[in-house]
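Subject: A structure for you to look at

Hi there,

Have a first look on your own, and then read my notes below.

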Amino acid sequence: MNSTLEQEINGLGPWFHNLHLPDGTQTAPKHYFGDFPAFKWREIASHIPSNLSGWSALDIGCNAGFYSFELARRGAQVTGIDLDPHYLAQARWVAERMELAGRVCFEQVQVYDLARRAERFDLVLFMGVFYHLRYPLLGLDIIAQKVNRLLVFQTLTLPGREIAETPDVALNTNEGMNHRAPLTAPGWPKMAFIEHTFSGDPTNWWIANHAAVEAMLRSSGLRVIGYPGDEIYLCEPDPEHPSCVTTWNRAEYLAATRIR
Ligand SMILES: C[S@@+](CC[C@H](N)C(=O)[O-])C[C@H]1O[C@@H](n2cnc3c(N)ncnc32)[C@H](O)[C@@H]1O
């Protein structure tokens, strides 16, 4: 590595994404996860069309842009958003080095800001962000409405893959609303709330179980069509089961997003 490049990389650090620059230099070669997120990309790469010419893509919580660059290389026009200017500076710097600046743009935008933007995207990546949201279902409702074709969703999940039936267990029972035991079954959708920190990070708020991830994706109007890897869900819009935020519960959504 030439020393100027090394100084620039160090000056932009710390890095969460290990990007491989054209000359072979890596931005975080000693990453605690290994070659991250290249090994995650290998899990999802074959589940996304290899030719994305004509596709628009949104990379939510893009960090230093690893996934944005992979999608741009496949021909997509990519918007990467992140709330953190530190990571956006890394992403913009790498875009120049990779000569992909014409295919990717990086913006300081919060998940919730997307509610007030009109664009939709053919492909949306929402990886590693859901558990960082204090208002996760609002975030997912907003994002689901931005997806034209595919969503790649990844989040931290609780151990276990059980899925319980979830009828109205309180209806037509003698106990009525006191009949709550079925809600404690392992496969009932649940999220663990993190009041303080998880792994030392105060921005980790909620860890859902597998059943809750699937239920929330469905409830937001999406259909799970594949599992590219651990804790990764490939989804598409489900026009037969639209989200209630587009129908009877629209008023709550509009109030929560301050659209009206
Ligand atoms: C764990 S990293 C995941 C990065 C990348 N998506 C990946 O999977 O490797 C979470 C990223 O999401 C960003 N982020 C967290 N909350 C956000 C929010 N509300 N809106 C936009 N970005 C957010 C963080 O700044 C960080 O870059």
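Let's start with the chain, which is divided into domain 1 (34-109) and domain 2 (123-260). Please keep in mind that this is a predicted model. The C-alpha centres of domain 1 and domain 2 lie 25 Å apart. Where the domains meet, 16 residues of domain 1 are in contact with 15 residues of domain 2.

Now for the ligand. Why does the ligand lie between the two domains? Domain 1 and domain 2 both give residues to the shell around the ligand, so that is where the ligand lies. You will find the ligand in the largest pocket.

Which residues come nearest to the ligand? There are 19 residues around the ligand, and H17, G61, D82, Q110 and M127 come nearest. Sorted by class, the shell holds eleven nonpolar residues, six polar ones and two charged ones.

- D82: an N or O atom in the D82 side chain is 2.6 Å from an oxygen atom of the ligand.
- G61: a polar backbone atom of G61 is 2.7 Å from a nitrogen atom of the ligand.
- V111: a polar backbone atom of V111 is 3.1 Å from a nitrogen atom of the ligand.

As for how covered the ligand is, taken alone it exposes 600 Å², and the protein buries 90% of that.

Happy exploring, and write back with any questions!

Best wishes

Definitions and conventions: Residues are numbered from 1 along each chain as its sequence is written. This is a predicted model: local features need pLDDT of at least 70, side-chain atom pairs count only at pLDDT 80 or more; totals for chains, interfaces and linings use all residues. Side-chain values use heavy atoms; hydrogens and water are left out. A residue is near a molecule or strand if one of its heavy atoms lies within 4 Å of it. A polar contact is a pair of N or O atoms within 3.5 Å; within protein, one must be able to donate a hydrogen and the other to accept it, and residues adjacent in sequence count only if both atoms are side-chain atoms. Accessible areas come from the Shrake-Rupley method with a 1.4 Å probe; for residues, only the protein chains shown count as cover. On a 1 Å grid over the protein atoms alone, a cavity is a set of points where a 1.4 Å probe fits but cannot get out, and a pocket is an open set with protein on both sides within 12 Å along at least five of seven lines; lining residues have an atom within 4 Å of a point. A molecule sits in a cavity or pocket if more than half of its atoms lie within 2 Å of its grid points. Ala, Val, Leu, Ile, Met, Phe, Trp, Tyr, Cys and Pro count as nonpolar, Asp, Glu, Lys and Arg as charged, and the others, Gly among them, as polar. Domain bounds come from an automatic or database domain assignment. Contact means heavy atoms within 4.5 Å.
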